[in-house]
Amino acid sequence: MTTETIEPPRSAARARGGVNWEKWGWLYMRFSGVLLVVLIFGHLLVNLFLGQGVSAIDFAFVAGKLANPFWIVWDTLLLWLALIHGANGMRTLTNDYARGKLRIVLLVLLAGATVTLLALGTLVLTTFDPCIGSDQVDALIEVCR
Ligand code: HEM
């Protein structure tokens with residue numbers, strides 16, 4: 001049986017007198033977790049439970065929500081907090097289970113996916129326009145006209 005020595009936490013950063021990123025990451029997981037409970041359950045309540053419930057969800061429902069700045073801020077917070085929370089959690093798992101070059105490759109892929117999704121999600125949330133680029137005649141286009 002092989003044994004592996006686990007370094008005491010904080011030692012490297014503390015010894016150099018630098019910022020203790022692991023501590024801030026640990027705290028971020030707890031604080032974002034508390035906020036995510038409110039944001040996720042608020043999201044589920046409004047989308048799936050109140051009013052006509054899940055059967056009301058369609059393009060117009062989403063367009064209606066994203067016409068309101070309150071939901072744009074809510075969804076943007078949900079996107080950033082959940083994505084960074086999930087990515088930081090996956091970083092921890094990767095550091096725990098992967099070694100050598102595989103660990104570096106996985107961390108780079110994770111960072112790339114996180115930045116891409118944050119950029120695309122934020123772009124959609126802040127620029128969404130239900131009438132853009134449509135020339136077909138249907139109910140939505142009539143409303144937009
Ligand atoms: C109700 C909302 C949530 C709460 C309260 C919450 C809470 C937490 C906490 C406290 C940790 C740290 C656990 C540890 O260090 O041992 C954690 C880890 C993690 N969370 Fe969340 N979380 C929530 C939502 C999410 C969401 C939406 C995602 C995905 C985007 C996610 C993905 C992860 C991952 C991948 C880890 C790492 C798991 C591990 O270290 O074993 N969580 N979560």
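Tutor: Let's start with tryptophan 71, which counts as buried because its relative accessibility is 14%. The cut-offs, with a 1.4 Å probe and protein chains only, are under 20% relative accessible area for buried, over 50% for exposed, and partly exposed in between. Before going further, some bookkeeping: this is a predicted model, where local features need pLDDT of at least 70 and side-chain atom pairs count only at pLDDT 80 or more, while totals for chains, interfaces and linings use all residues. Residues are numbered from 1 along each chain as its sequence is written, and side-chain values use heavy atoms, with hydrogens and water left out.

What does Trp71 touch? Leaving aside residues up to four places away in sequence, Trp71 is in contact with Val46 and Lys65, contact being heavy atoms within 4.5 Å. Lysine 65 also sits over the face of the Trp71 ring, 4.3 Å from the ring centre; the rule here is NZ of Lys or CZ of Arg within 6 Å of the centre and within 35 degrees of the ring normal. Elsewhere, arginine 30 does the like with tryptophan 26, at 4.1 Å from the ring centre.

Now the neighbouring rings. Phenylalanine 70 and Trp71 have ring centres 5.0 Å apart and planes at 80 degrees, so they pair edge-to-face. Rings of Phe, Tyr and Trp (its six-membered ring) pair if their centres lie within 6.5 Å, with planes under 30 degrees apart called stacked, over 60 edge-to-face and the rest tilted. Phe70 is partly exposed because its relative accessibility is 48%, whereas Trp71 is buried.

Helices are DSSP runs of H or I with at least four residues, strands are runs of E with at least two, and both are numbered from the N terminus.

Staying with H4, this helix also holds histidine 85. His85 (NE2), 2.0 Å away, is the single protein donor to the ligand's iron atom. Donors are N, O and S atoms within 2.8 Å of the metal (3.2 Å for Na, K and Ca), and sites may look incomplete since water is not among the atoms.

Because Arg91 is in H4 and Glu22 in H2, the pair ties together parts 69 residues apart in sequence. A search of the whole structure finds one salt bridge, the test being a Lys or Arg side-chain nitrogen within 4 Å of an Asp or Glu carboxyl oxygen.

Zooming out, the protein chain has six helices and zero strands. Of its 145 residues, 21% count as buried.
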